[in-house]
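The sequence and structure are shown first, and the description follows.

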Amino acid sequence: MLEQISTSKSEILDAAAHCFMTLGVESASVDDIAAQLGSTKGRIYHHFPSKGALLATVQLRAAGFTYRAVEGLIDANLPAVKSLDRMARGHIYEVLNSLAYHKVILQTYTAGTQAKKMSRVEMDLQEQIRTGHRQYEMLFRTEVARGISEGSFQDRNLTAAVAGLLLVLNSPVFWFRPERGASQEFIDTIARDISSMALASLRA
């Protein structure tokens, strides 16, 4: 799901994620991103036809980061609750590792950017984002369903259960501030405790 891209394109996306996060998706411009890169706008437009396409690619890459981190942690040989704990912790570690990207996703839910007229390229990217989100949610949906069948979780609506689970797992996006400093021990504690809370919500 995570596209292999050139170093140049990766650098542009990292700079874009940082600018969108710090300046806001509405306020950040291609000029700002070029300044962050210490480069020209031409370098950016060589890879991305518009700011909208760049923003959508940042969102798509964020989804790819978590999918790649979690997919390999699923273990059908383990009880579902243990497999989900592995997945949950993997998700949290990746969110913290690529936090700027995930903060951009959070902003797009409240900034109203999707209401603007989009080009065909941007619409295609948005469809890829929606498809990616559905595929990612299905990873968790399958394990939650398995946990219900094993009797580890309460029988409930899967759509609501997975939505609630992912909301808890994504909660560090709202409050985690890496600039304040965070030891590996603290990050491990965050992953353990949030995973525990998320899985407890399925048992309630």
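## Helices α1 and α4

Helices α1 and α4 are roughly perpendicular to each other, a term for angles of 65 to 115 degrees, whereas angles under 35 count as roughly parallel, over 145 as roughly antiparallel and the rest as oblique. Helix α1 spans residues 7-23, and its axis lies 10 Å from that of α4 at an angle of about 95°. Axes are lines fitted to C-alpha atoms, for helices over the stretch in contact, and angles run from 0 to 180 degrees between N-to-C directions. Helices (H or I, at least four residues) and strands (E, at least two) are DSSP runs numbered from the N terminus.

On the α1 side, the contact is made by S10, I12, L13, D14, A16, A17 and F20, and on the α4 side by K51, L54, L55, T57, V58 and R61; contact means heavy atoms within 4.5 Å. This contact has eight nonpolar, two polar and three charged residues. Ala, Val, Leu, Ile, Met, Phe, Trp, Tyr, Cys and Pro count as nonpolar, Asp, Glu, Lys and Arg as charged, and the others, Gly among them, as polar.

## Basis and confidence of the model

This is a predicted model, in which local features need pLDDT of at least 70 and side-chain atom pairs count only at pLDDT 80 or more, while totals for chains, interfaces and linings use all residues. Residues are numbered from 1 along each chain as its sequence is written, and side-chain values use heavy atoms, with hydrogens and water left out.

The chain averages a pLDDT of 93, and 95% of the residues score at least 70; pLDDT is the predictor's confidence in each residue, from 0 to 100. Among the elements of the chain, α5 has the highest mean pLDDT (98) and helix α6 (residues 99-111) the lowest (86).

## Helix α7 and its partners

Helix α4 (residues 51-71) also packs against α7: their axes come within 9 Å and cross at roughly 20°. That angle makes α4 roughly parallel to α7. The contact of α4 with α7 has twelve nonpolar, eight polar and two charged residues.

Helix α5 (residues 80-97) comes within 9 Å of α7 (residues 120-150), axis to axis, with a crossing of roughly 155°. Helix α5 is therefore roughly antiparallel to α7. In α5, A80, S83, L84, M87, A88 and H91 meet Y136, L139, F140, E143, V144, R146, G147 and E150 of α7. These residues divide into eight nonpolar, three polar and three charged.

## Annotated regions

The unreviewed UniProt entry annotates residues 6-66 as "domain: HTH tetR-type"; such annotations may be inferred rather than shown by experiment. This span is 79% helix and 0% strand, and its end C-alpha atoms lie 20 Å apart.

UniProt also lists residues 29-48 as "DNA-binding region" (unreviewed entry). Here the end C-alpha atoms lie 13 Å apart, and the span is 75% helix and 0% strand.
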